[in-house]
Every structure is written in C-alpha cells, then in structure tokens.
Amino acid sequence: MESEDDVVKNRTMEARARNISHNVRCTECGSQSIEDSQADIAILLRKLIRDEIQSGKTDKEIFKKLEDDFGETVLYAPKFDLQTAALWLSPLIVAGGAVGVWAFNKHRKQTNVHIMALNLVRGVSLTPKEKETMLDLLTPPPSEGTSRSWWRRWQGQ
C-alpha cells in the first residue's frame, strides 16, 4: 500500500505532467494540445514527459528537450526574442495607441469649449456673474451616449 508521501508525490508529478502537456502542441493535430489529443504521437509525448519527470528533470528542461526535438512551434507560448518581439508587443502597442487617441479626443473636446469661452470674453468687459453664466451655458452637458458602444456610434445608430 502506498504511503501518504507517495500519494502526494504522484499527484504532484501528475499535475506537472498535465501542465506541461497542456502547453505542448500536438504535432499531428496542430490545433490541440497533447493533453487533449488522442493521436499516437500525443500519447507517446505524454509518456515521454512523465518519464522525464520521473527521472528528475525540471519543467524547463523538458520544454527545452521538446523544443530541440520538434522545433519551437511545438510550444504554445513561443519564447520572447528579437523574432517574436512584434508578436508579443503588438497588443500593448495597439492598446496604448487606442488609449492615446481616446485621451487626445477627450482633451480636445474639453479645451475647445474653454477656448471658445475665452475668445468670446476677450475684449468684452463682463461682471463675474456674467462670466460664470456664460461658462455655464457654454459647458456641454455630460454626454448621454456613454452607454452606447463605439461600434453603434461608428455605424451612425
């Protein structure tokens, strides 16, 4: 009968093997991990991973062996290097650009009202109460269309 330590050790090894298998692409299927695939090569790779874990290899060493044997495309998460930098950084660049455009438009809308108000007041003597009233009239109300999606606004709906 297995001791409690053996059970814990086996569960840990099985969890490691499944984690590695989920991150390795089936070379026959291409669209499935070897954990989800029933192809012969996937079954063999799952056994190889378990054998490597039992021999004391680290996850990093196992990933490196798989990459050396089958190429970088066998891994779902390609390493970060000069060739893959654009792939890894493009979501950040796109998100940063979108935030920049949004901030610019928001800033431009707010400053246009104040510039108009300043141009109207320039050279005209107004009392503080008149200036306050004018600014209240020229400040646009909060837009009610904030709940509408950008897609609907773009389509003109």
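Tutor: Start with a term. A nonpolar core is a set of buried Ala, Val, Leu, Ile, Met, Phe, Trp, Tyr and Cys residues joined through side-chain atoms within 4.5 Å. Buried means under 20% relative accessible area, exposed over 50%, and partly exposed in between, with a 1.4 Å probe and protein chains only.

Two notes on the source. This is a predicted model, in which local features need pLDDT of at least 70 and side-chain atom pairs count only at pLDDT 80 or more, while totals for chains, interfaces and linings use all residues. Residues are numbered from 1 along each chain as its sequence is written, and side-chain values use heavy atoms, with hydrogens and water left out.

Now the core. The largest one has 15 residues. Those with the most contacts inside it are Ile20, Val24, Ile34, Ile49, Ile53, Ile62 and Leu66. Helix H1 (4-22), helix H2 (40-54) and helix H3 (59-70) each supply at least two of its residues. H2 gives the largest share, four residues. Helices here are DSSP runs (H or I, at least four residues), numbered from the N terminus.

Look at Ile49. Not counting residues up to four places away in sequence, Ile49 touches Ala17, Ile20, Ser21, Ile34, Ile62 and Leu66. Contact means heavy atoms within 4.5 Å.

Next, the helix pair. The axes of H1 and H2 come within 10 Å and cross at roughly 135°. H1 is therefore oblique to H2. Angles under 35 degrees count as roughly parallel, over 145 as roughly antiparallel, 65 to 115 as roughly perpendicular, and the rest as oblique. Axes are lines fitted to C-alpha atoms, for helices over the stretch in contact, and angles run from 0 to 180 degrees between N-to-C directions. On the H1 side, the contact is made by Met13, Glu14, Arg16, Ala17, Arg18, Ile20 and Ser21. On the H2 side, Arg46, Ile49, Arg50, Ile53 and Gln54 take part.

Ser33 sits in the loop between H1 and H2. It counts as buried because its relative accessibility is 4%. Leaving out residues up to four places away in sequence, Ser33 touches Ser21, His22, Val24, Arg25, Cys26 and Tyr76. Leu75 lies in the loop between H3 and helix H4 (85-121). Leu75 is buried too, at 12% relative accessible area. Beyond its neighbours within four places in sequence, Leu75 is in contact with Asn23, Val24, Arg25, Phe63 and Glu67.
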